[in-house]
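Subject: Structure handover

Hi,

Here is the structure for you to look over. My notes follow below it.

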Amino acid sequence: GLPSVPQEPHPMSIVDLGHHIPRVRHQLGSPLRLGGREYRVRGYLANRQSVTLGHEPHLMGPLARALATHPGPIVDVGANTGQTLLKVLSLDPDRVWLGIEPQIACCFWLQQFLADNGLDQARILALALSDRDGMAAIRADGLFDEMAVLEAAAGAAEIPVVTRTGDGLLADLGLADPGVIKIDVEGGELEIDDPRGARAVFELP
């Protein structure tokens with residue numbers, strides 16, 4: 001399994017409630033003033049984590065068969081907002097899950113969900129898999145883009161990300177033989193350096 005990371009649910013406390021007052025002010029437009037300048041601060045952000053199994057329901061069958069016939073951790077390359085994580089939890093809630101997602105905003109909400117529910121068999125890593133270790137830029141339209149890519153895209157913002165090879169990362173984590181690898185990186189599958197590379201992860205009917 002993955003190296004354990006202590007995670008405990010965090011119920012709302014009186015101290016937490018006290019933090020809402022300045023947040024409300026910022027949400028209503030009050031700026032943050034630093035060094036003679038004003039900065040916009042959002043008081044609240046909508047939780048964009050997936051909360052339904054309705055996304056790509058056609059994958060439930062193939063995923064169920066893959067989990068039933070392949071024991072071991074599932075590596076979710078391109079975890080986005082947790083669409084595949086929810087499917088795994090509905091099918092095999094104790095399965096070790098490693099999510100890999102370069103978009104920090106997606107990782108934040110997924111990490112919050114894992115911590116709130118004490119899912120210490122699961123972990124999300126904020127990086128991209130590639131055919132080399134280093135740095136690259138993803139092109140994304142917004143903070144939760146399901147179509148973010150490691151190549152030029154018209155009108156998309158460039159966001160620097162750390163890249164790792166698949167086999168190197170899995171070796172560092174002690175996951176040399178995962179049971180299932182799901183890869184959904186919008187056409188970048190061929191750059192992922194893993195024994196199964198860009199082959200189909202699920203045995204489609």
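In helix H6 (residues 166-173), the buried residues are Gly166, Gly168, Leu169, Leu170 and Leu173. Buried means under 20% relative accessible area, exposed over 50%, partly exposed in between (1.4 Å probe, protein chains only). Helices (H or I, at least four residues) and strands (E, at least two) are DSSP runs, numbered from the N terminus.

This is a predicted model: local features need pLDDT of at least 70, side-chain atom pairs count only at pLDDT 80 or more, and totals for chains, interfaces and linings use all residues. Residues are numbered from 1 along each chain as its sequence is written, and side-chain values use heavy atoms, with hydrogens and water left out.

The buried residues of H6 pack against strands S3 (74-77), S4 (97-100), S5 (122-125), S6 (128-130) and S8 (157-165); contact means heavy atoms within 4.5 Å. Just after H6, Gly174 has a positive phi of about 75°.

Trp97 and Gly99 point one way from S4. Leu98 and Ile100 point the other way, and all are buried.

S3 and S4 pair in parallel over four bridges. Pairing needs at least two DSSP bridges between two strands. Val77 sits opposite Ile100 in S4. From S3 the chain crosses through helix H4 (residues 83-91) to S4, a right-handed β-α-β crossover. Right-handed means that, with the strands pointing away from the viewer, the path from the first strand over the helix to the second runs clockwise.

S4 and S5 also run parallel, joined by four bridges. Gly99 stands opposite Ile124 in S5. Helix H5 (residues 104-116) carries the chain from S4 to S5, and this β-α-β crossover is right-handed.

Best wishes
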